[in-house]
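Keep the structure open while reading.

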Amino acid sequence: MEINSQRYDLFTYASQLLAHYQARQTTFRSREVELAFVLHRQYHLIPEVGSEQTIALTQIIDWCDDLYTKVHPRLTAGWIWPPLSHDRQGLPQPTIAHDPRWYKGANGQQGLGCHAQAAHFWHSPAFLAEDRDLCPFRVYDGVTALTLDQGRQSCGFDNNPCGWQPGLPKFLQVIGRHAQAQVARAPSSSLLWRTLISEPIPVYPLLVALYFGHLDLHPPAGLVTPEQFCQDFNFEPELFAQIFTAEPTQAENQEFLRLAHLPEQVVTLNFAPRLAVAGRPRPTGGHLILEPEELPTYQKSGLPSGLSHDPLLAERRRRRQLERTTAHNHLVRDFRRWFRWAGKEVREDPDTFDFLAIDDQQILLAEIKLLGQQDIAEAIQETIGQLFYYEHFALAPWRQAGYPIAKAAVFDHPPLGDYLLYFQSLDVQCYWLDEQGRIDGPTHSLVLLEQMGVRVCQDPELVS
């Protein structure tokens, strides 16, 4: 069945239907699946394990960018559009070039590659099926006793805990560290794909998600079929039937085909939630930051009146003032420095918020915490509460003037992974500064700063 792959409305519907499909898969790993598409498409260009040749891991990352780059008047130029990446509404979620998640997907925990360099390991079925706690290429962390927690051993690729699971096949042999790594390929198999995909992927929305706006994958008249997809991505019919479903009665396929037979719909979407605010009145208030190196200033209001009647209030006020240490002030300065260098208007409020950046399209409210100064869970709770409180009360004039407000939490080092997911579920961006003082964070948060023209850390080091 032929599908018009160049309809913008079908592109948005395909994204939402794929998001619906992914929500049912508790073990579905979209990052690894997207990377596997690239590897399968370029299979003949990757040397086999055991040969004398390898290719640079960065070459695979370049292939990811090339395959998922789209050119269309309705899409922002310069971004990458992975087919299985969506926001909370199921709309396509772009990413930046050389997305660090491709490096993470190529190796590391549950990635598609392994750091076991010796070729004879890769030709040993027993090795591929055994418990990887015994792998000689795992590096002991030097702290945790092996008898207590062998899982704390780390991989030689990125120092993250080894993610090999017994019986889990791999696509890639990885030799070397980080962006300097070289790779070779292992034989492809249906077992390998089934470790990534528990339920066949509905192929019709996937076709449009892949082919829409692509300069090379551009079939005649914009019409694409599953057969064309197999040819372009080197899938044999037997393997295709195990990984994908083209059944018209499958839920997502059925809905997509129904929409595809309707006339093209007018879809108005703003993938980057930025509304034009130029020319609107700009509320006053807060202290305007002019110099990039200016340190924060805070209102020292002293002890509140009536302390004997409310000791809890006094303790909260005391802790609030103790939080604003020299280290905290330097973190605030180092974060907002990048915004001043980008020419953004930056404000602080001596009584409430730490940071407010004003862009022509939106404003960014940030709360800044030193995780080393207090319990992480308590710091996260305070951060979330302050952001939503300041948005509603301190920024009321900005909201009334129609400014879209993005919220962000900024830390001195990355919070744990569960907290990153928690921030994302609340639509709160998360950032931290690396050892060189550059802004780093999850990819979806870095995209927001890219939109604002603020420099971010795009180093391929992996976020644990």
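Helix H14 (residues 376–392) lies across S14, S15 and S16 in this predicted model. Its direction runs at about 150 degrees to S14.

- S14, S15 and S16 belong to an open sheet of 7 strands with mixed pairing.
- The strand order is S11-S12-S13-S14-S15-S16-S17.
- Strand S11 (287–289) and strand S17 (439–440) are the edge strands, and each pairs on one side only.
- Strands of a sheet pair through backbone hydrogen bonds, either parallel or antiparallel.
- S11 and strand S12 (residues 345–348) run antiparallel and are joined by 3 bridges.
- Within this pair, Ile 289 stands opposite Val 346 in S12.

**A helix pair: H8 and H11**
- Two packed helices are described by the angle between their axes and the distance between the axes.
- Helix H8 (residues 203–211) packs against helix H11 (residues 251–260) at an angle of about 60 degrees.
- Their axes are 7 Å apart.
- The angle makes H8 oblique to H11.
- From H8, the contact takes in Val 203, Tyr 204, Pro 205 and Val 208.
- From H11, Asn 253, Phe 256 and Leu 257 meet them.
- What is the make-up of this contact of H8 with H11? Its residues divide into 6 nonpolar, 1 polar and no charged.

Key: Residues numbered from 1 in each chain as written. Predicted model: local features only at pLDDT ≥ 70, side-chain atom pairs only at ≥ 80, totals over all residues. Heavy atoms only, no water. Pairing = 2+ DSSP bridges. Helix = DSSP H or I, 4+ residues; strand = E, 2+ residues; numbered from the N terminus. Contact = heavy atoms within 4.5 Å. Axes fitted to C-alpha atoms, helices over the stretch in contact; angles between N-to-C directions. Parallel < 35°, antiparallel > 145°, perpendicular 65-115°, else oblique. Nonpolar A, V, L, I, M, F, W, Y, C, P; charged D, E, K, R; others polar.
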